[in-house]
Amino acid sequence: MRASNEPSVAQVLEIQMKKTLIIGGIAAAIVLVGGWALAQSAGHGPGGMHGMGHRMQGHMGPGMNGQMGPGMRRQMGSGMMEMGLGMMGGSATMDERRDLHDLFFNHQRIKRTVTNLPDGIRTVTESDDSRVAETIRKHVVEMGQRVEEGRDPGLPIETPALHAIFGHKDKIKTAYEVTEKGIIVVQTSTAATAVKALQDHAAEVSDLARRGMVAAHEAMMKNGGMVARGMRMRGATTDPQHED
């Protein structure tokens, strides 16, 4: 009989799988450098991540695949998604990472306009696809809450502009307006450095909406690569930038 404080078989497998995913991230980063562009379309194509998943399932065989429960398959898929997006580490939830994954792969269905204001920005982010529109609204509001609470998700694709926004969170006012196809956000500040950070980050988000996974990959590589950046972010803190 198993003692109450001993890990179950499922927990042991889960721990081992996480270790394997971290080690596998190094190899995944090498593959991504050469083949990232294949994953940027909404359908992925026969050589994209969906095709790779089908090929992997075929190599596993019916026995191993049949023994994996839905929970383990879901966690493996999420782990592969993290490696593919360069999103290991940080405090972002799996649900938040999944939303980013969906937005990057459906970037061609996103329409976004940015107006720079004297004291901030006004952004309109929408989609004719109702599912994508809902994901946009959910992601924008969740990120807004993180900024208000100072909870930087610590993802490897983050930029200095986003870190500056978290540093200036008490100097930024945000207003939301939900639309039929997405959301309008107006962010303003009396601090010049905060205004610049808002405008710089808005341009970065527009680039992600325009180029999807290609832009995300470039941001990840600028931050030092997937694995190294993910490890650094686990213990990193963001210091607020001070006014000159």
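Predicted model: local features only at pLDDT ≥ 70, side-chain atom pairs only at ≥ 80, totals over all residues.
I began with helices α6 and α7: Ala161, Leu162, Ala164 and Ile165 in α6 meet Ala197, Leu198, Asp200, His201 and Glu204 in α7. By "meet" or "contact" I mean heavy atoms within 4.5 Å. I sorted the residues of this contact into six nonpolar, one polar and two charged. My classes are these: Ala, Val, Leu, Ile, Met, Phe, Trp, Tyr, Cys and Pro count as nonpolar, Asp, Glu, Lys and Arg as charged, and the others, Gly among them, as polar.

Residues are numbered from 1 along each chain as its sequence is written, and side-chain values use heavy atoms, with hydrogens and water left out. Helices (H or I, at least four residues) and strands (E, at least two) are DSSP runs, numbered from the N terminus.

**Helix α6 with α7**

I then looked up how this pair is set. The axes of α6 (residues 160–167) and α7 (residues 192–211) come within 8 Å and cross at roughly 140°. An axis here is a line fitted to C-alpha atoms, for helices over the stretch in contact, and angles run from 0 to 180 degrees between N-to-C directions. The two helices are therefore oblique to each other. For that word I use these limits: under 35 degrees is roughly parallel, over 145 roughly antiparallel, 65 to 115 roughly perpendicular, and the rest oblique. The crossing of α6 and α7 is left-handed, meaning the near helix is turned anticlockwise from the far one by less than a right angle (clockwise would be right-handed).

Is α6 buried or exposed? Six of its eight residues are buried, so α6 is largely enclosed by the rest of the structure. I listed the buried ones as Ala161, Leu162, His163, Ala164, Ile165 and Phe166. Buried means under 20% relative accessible area, exposed over 50%, and partly exposed in between (1.4 Å probe, protein chains only).

**Helix α4 with α5**

Next I turned to another pair of helices. Helix α4 (residues 94–105) packs against α5 (residues 130–149) at an angle of about 135°, and their axes are 10 Å apart. This pair is therefore oblique as well, and its crossing is left-handed. From α4, I found Asp95, Glu96, Asp99, Leu100, Asp102 and Leu103 meeting Arg131, Val132, Thr135, Ile136, Lys138, His139, Glu142 and Arg146 of α5. The residues of this contact divide into four nonpolar, two polar and eight charged.

Leaving aside neighbours within four places in sequence, Asp99 touches Thr135, Lys138 and Glu142.

**The sheet**

In which order do the strands of the open sheet run? I read β1-β2-β4-β3, four strands with antiparallel pairing. Two strands pair if DSSP finds at least two bridges between them. The edge strands are β1 (110–117) and β3, each pairing on one side only, and the twist averages 15° from one strand to the next.

I followed β4 (residues 182–189) through its partners. Seven bridges join β2 (residues 120–127) to β4, antiparallel. A hairpin of three residues leads from β3 to β4. Six of the eight residues of β4 are buried, so this strand is largely enclosed by the rest of the structure.

Finally I checked how α5 is placed: it lies across β1, β2, β3 and β4, running at about 25° to β4. Val140 belongs to α5. Not counting residues up to four places away in sequence, Val140 touches Tyr176, Ile183 and Val185. Val140 and Tyr176 are 36 residues apart along the chain, and their C-alpha atoms are separated by 9.2 Å.
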